[in-house]
Amino acid sequence: MSNPQQLRYSKEHEWLSAVEDGVATIGITEFAANALGDVVYADLPKVGDTVTAGETCGELESTKSVSDLYSPVTGEVTEANQDVVDDPSLVNSAPFEGGWLFKVRVAEEPKDLLSADEYTEFSGN
Amino acid sequence: MSTAPRLTALDALHRSLGATMTDFAGWDMPLRYASERDEHNAVRTRAGLFDLSHMGEITVTGPAAAAFLNFALVGNIGTVAVGRARYTMICAEDGGIMDDLIVYRLGETEYMVVANAGNAQIVLDALTARAEGFDAEVRDDRDAYALLAVQGPESPAILAAVTDADLDGLKYYAGLPGTVAGVPALIARTGYTGEDGFELFVAPEHAEQLWRALTEAGASHGLIPCGLSCRDTLRLEAGMPLYGHELTTALTPFDAGLGRVVKFEKEGDFVGRKALEAAAGHAETAPPRKLVGLVAEGRRVPRAGFSVTAGGEVIGEVTSGAPSPTLGKPIAMAYVDAAHATPGTAGIAVDIRGSHEPYEVVALPFYKRQK
């Protein structure tokens, strides 16, 4: 398993893409997806919702459990991934690509986001 | 109490296969190897290989073994023929279910009782206490066996490749001693998945050899290793109860809709008879909550302990719930008030973290294999 170098990571196991035109893409890491098991239901924040760094903004349900989804940044949701809503297994099969969850117009980001190497060390993967 | 989890004889092998492990009843067991949905589907359509070594084996021997088991358990063990097995329960004096069991008759005066891992010590202690006055010996054989299961429609072909035993002659709920992959085994046609399959009781030192032989024989049949996560969804689809969920000490077999396992007509007294007779009468005249199946209209998954509601009132409680790979929808088993227990009952909901999600009451099981 390798965590893409161009992303940044939260300790809640979300990743954040580089910010383009003020908007960043957010998903969960492969480590998190593996820990969850098969994701069967994704409750994602809606377009226009305001999400706050470190606070819950949705949930991911797997065979064995349900987990809160946290936003790694503060801002307004500009898009939720309908493909994941329709086929939640994308979170398992392509957590860093087609399994992205939502996009946020970033108002504020915490200073403690991790680099890929830091996250690899933090998660042990 | 915090003690290190127990490891099965296959622990190193599971880790080498990349299994995600979980603590289950004090044992470190494989939860899944890769995708639990793929594992589930493999058992439904091809075959899966399980390590179930956490199950608790107790051997009962002696001239009065049958009479003793008839007294200690609710079933009529005296009618089980040599080489056959019986699903039964052990109840407390008040009729509460202490565990559900499979009893194998291995010989004229020899039986093996298989208890759930979490109850094995309780069952062992109860059997030991109840054996007083009977010419029968109760032996803790938990460490004497590893238990592997091959489950799924391809399992007879896979097992046939590694044994000369007469599998065609081995009926459902039968067991015979034989040799599998060169090691002595008790071959039982039992399982907990709703599919055809076998459970193989072997000495722990032979477990790895057997696992590897089955893996090799099963490769061309699509057999994959399977963890406890898919075992749970498989048994739930098959409408099979799990102790601690559908079965507890607070419930009698009649409460659980399994009154048929209680055999009042057998000879002699048995532990719990008086309370169970009352429970049987009560179930006839004023049925308590009934165990039903629930199928979701939406996609959110009910979990054990969630409330079942109708018209805003709580009318029951979910005992097991999961996304069903076969149905493609969330399913649950729940105890609900008798007035709402009829299949097709409308207006039922499950309170999923404050949101009342619509559910339909259905007859159990959710899934039945085509024979």
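Start by selecting helix α2 of chain B, which is mostly covered: seven of its ten residues are buried. Keep in mind as you click around that this is a predicted model.

**Stop 1**

Which residues of α2(B) are buried? Show side chains for B:Glu36, B:Arg37, B:Glu39, B:His40, B:Ala42, B:Val43 and B:Arg44, and you have the set. Now colour their surroundings.

**Stop 2: the three-stranded sheet**

One of those neighbours, β3(B), leads us to the next stop. Select β1, β2 and β3 of chain B: these three strands make an open sheet in the order β1-β3-β2, with mixed pairing. Look at the two edges, where you will find β1 (6–7) and β2 (20–24) of chain B, each pairing on one side only. Next, zoom in on β1(B) and β3 (residues 27–32) of chain B, which pair in the parallel sense over two bridges. Click B:Arg6, and opposite it in β3(B) stands B:Trp27.

**Stop 3: the five-stranded sheet**

Now select another open sheet of chain B, with five strands in the order β6-β7-β8-β5-β9 and antiparallel pairing. Which strands lie at its edges? They are β6 (85–91) and β9 (137–140) of chain B, and each of them pairs on one side only. From one strand to the next, the twist averages 30°. Inside this sheet, focus on β7 (residues 97–107) and β8 (residues 110–115) of chain B, which run antiparallel and are joined by five bridges. To see a bridge pair, pick B:Val103 and look for its partner in β8(B), B:Val113. A helix packs here too: α3 (residues 65–72) of chain B touches β5 (56–61), β6, β7 and β8 of chain B. The direction of α3(B) makes about 130° with that of β5(B).

**Stop 4: two domains**

Colour residues 6–53 and 145–237 of chain B as domain 1, and 289–371 as domain 2. How many Å separate their centres? Taken over C-alpha atoms, the distance is 30 Å. Where the domains meet, domain 1 of chain B gives ten residues and domain 2 of chain B gives eleven. On the domain 1 side, α2 and α7 of chain B are the elements that give two or more residues. That side divides into one nonpolar, four polar and five charged residues.

**Stop 5: zoom out to the whole chain**

Show all of chain B, with its eight helices and 20 strands. Its radius of gyration is 21 Å, close to the 21 Å that the globule rule gives for 371 residues, so chain B is as compact as a globular protein of that length. The C-alpha atoms fill a box of roughly 60 × 50 × 45 Å along the principal axes. Buried residues make up 50% of the 371 residues in chain B.

**Last stop: where the chains touch**

Finally, bring chain A into view. Eight residues from chain A and eleven residues from chain B take part in the contact. On the chain A side, two are nonpolar, three polar and three charged.

Key: Residues numbered from 1 in each chain as written. Chains lettered and ligands numbered in written order. Predicted model: local features only at pLDDT ≥ 70, side-chain atom pairs only at ≥ 80, totals over all residues. Contact = placed C-beta atoms within 7 Å. Nonpolar A, V, L, I, M, F, W, Y, C, P; charged D, E, K, R; others polar. Helix = DSSP H or I, 4+ residues; strand = E, 2+ residues; numbered from the N terminus. Rg over C-alpha atoms; globule rule 2.2 N^0.38 Å. Buried ≥ 20, exposed ≤ 12 C-beta atoms within 10 Å, placed from the backbone. Pairing = 2+ DSSP bridges. Axes fitted to C-alpha atoms, helices over the stretch in contact; angles between N-to-C directions. Domains from an automatic or database assignment.
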